[in-house]
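Visitor: Could you bring up the model, so that I can ask about a few places in it?

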Amino acid sequence: MDLILKVFRFRPGRDLEPTYQRYIVAAEPQERILDALRRIQADQDDTLSFRSSCAHGVCGSCAVRIDGHCGLACQTLARGFEGRDVTIEPLPGFKVLKDLMVDLTPFFDRVALIRPFLVNRTPPPEKERLQTPADQGKIDEAIRCILCASCVAACPVTHGNPRYIGPAPLVQAFRRVFDSRDEEMLARLKQLAEPDMAEACTNRFECTRVCPKEIKVTKTINTLKREIAKHLGEGKGGRA
Ligand code: SF4
């Protein structure tokens, strides 16, 4: 099949405004959009810029907007796009560095705000800090997050309120709040009860719809809200 990709092109500082360039590339239905982008770069236009690394849904670096939906180019098949233009754009809400590459620094700065690491001041055991399978099960889903930023790019609340911490940082917070080995649960919940944190989510569900790791992101945030209310009192974390 022929895949027709209409790709966002922009070189800040050189181009006055973005343009869309049309490429026709041969692709098997089971190939991915990432395969097509790589083929364009190799055979047609080596000036096209995009990020990719693992190409297997693990690193999260090839997140873009495909036909209006944020997600991984390595997980989106060519099948279903035959016979029409498919628009490929950078993740919305981020500064474009070039073409499909955006500056994710503000995203990672927000993730860093919630201290995405285990805090445990007791001396470490000889081998490792253990937890039961049941305790591990509580954070199993959140652990799947690959920090691709698709949820943040798709979130209408994030676009309406630039101070909102955003869904992915909240998923990262969930993972630490419910980790039986972490000693900072209350401090973490107090931080999450602040304005523009968990309570700012208004349940629009776009994060859940786009997450390539099928994390129920909105449910995760609502669970955090309930945990805040349970430990700090009603009204501290908004209504779940
Ligand atoms: Fe990506 Fe899902 Fe993690 Fe959001 S929650 S950053 S969409 S993997």
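Visitor: Okay, aspartate 182 first: buried or exposed?

Guide: Aspartate 182 is buried, its relative accessible area being 10%, where buried stands for under 20%, exposed for over 50% and partly exposed for anything in between, with a 1.4 Å probe and protein chains only. Before we go further, please keep in mind that this is a predicted model, in which local features need pLDDT of at least 70 and side-chain atom pairs count only at pLDDT 80 or more, while totals for chains, interfaces and linings use all residues. Residues are numbered from 1 along each chain as its sequence is written, and side-chain values use heavy atoms, with hydrogens and water left out.

Visitor: Noted. Where is aspartate 182 found, then?

Guide: Aspartate 182 belongs to the loop between helix H6, residues 167-177, and H7; helices (H or I, at least four residues) and strands (E, at least two) are DSSP runs, numbered from the N terminus. Its C-alpha is 34 Å in space from that of arginine 51, and the two are 131 residues apart in sequence.

Visitor: Let's switch to rings. How many aromatic pairs does the structure hold?

Guide: The structure holds three aromatic pairs, a pair being rings of Phe, Tyr and Trp (its six-membered ring) with centres within 6.5 Å, called stacked if the planes are under 30 degrees apart, edge-to-face if over 60 and tilted for the rest. One of them joins phenylalanine 8 and tyrosine 20, whose ring centres are 5.7 Å apart with planes at 85°, so this pair is edge-to-face.

Visitor: Which parts does that pair tie together?

Guide: Phenylalanine 8 is in strand E1 (residues 2-9) and tyrosine 20 in strand E2 (residues 19-26), so the pair links parts that are 12 residues apart in sequence. Phenylalanine 8 is buried at a relative accessible area of 10%, whereas tyrosine 20, at 39%, is partly exposed.

Visitor: What about the pair of phenylalanine 107 and phenylalanine 108?

Guide: Their ring centres are 5.0 Å apart and the planes are at 70°, so that pair is edge-to-face. Phenylalanine 107 is buried, with a relative accessible area of 3%, while phenylalanine 108 is partly exposed at 38%.

Visitor: Back to tyrosine 20: which residue lies over the face of its ring?

Guide: That is lysine 6, at 5.6 Å from the ring centre of tyrosine 20; for a charge to sit over a ring, NZ of Lys or CZ of Arg has to be within 6 Å of the ring centre and within 35 degrees of the ring normal. Threonine 19 also has its place in strand E2, and threonine 19 is partly exposed, with a relative accessible area of 45%.

Visitor: Where does cysteine 151 lie?

Guide: Cysteine 151 lies in helix H4, residues 150-154, and cysteine 151 is buried, with a relative accessible area of 9%.

Visitor: Last topic, backbone angles. What is the phi of arginine 115?

Guide: Arginine 115 has a positive phi of about 55°, although it is not a glycine. Most residues other than glycine have a negative phi. Arginine 115 sits in the loop between helix H2 (105-113) and helix H3 (133-143), and is partly exposed at 26% relative accessibility. Phenylalanine 205, likewise not a glycine, has a positive phi of about 70°; its loop runs between helix H7 (185-192) and helix H8 (206-210).

Visitor: And proline 124, buried or exposed?

Guide: Proline 124, which is found in the loop between H2 and H3, is exposed, with a relative accessible area of 62%.
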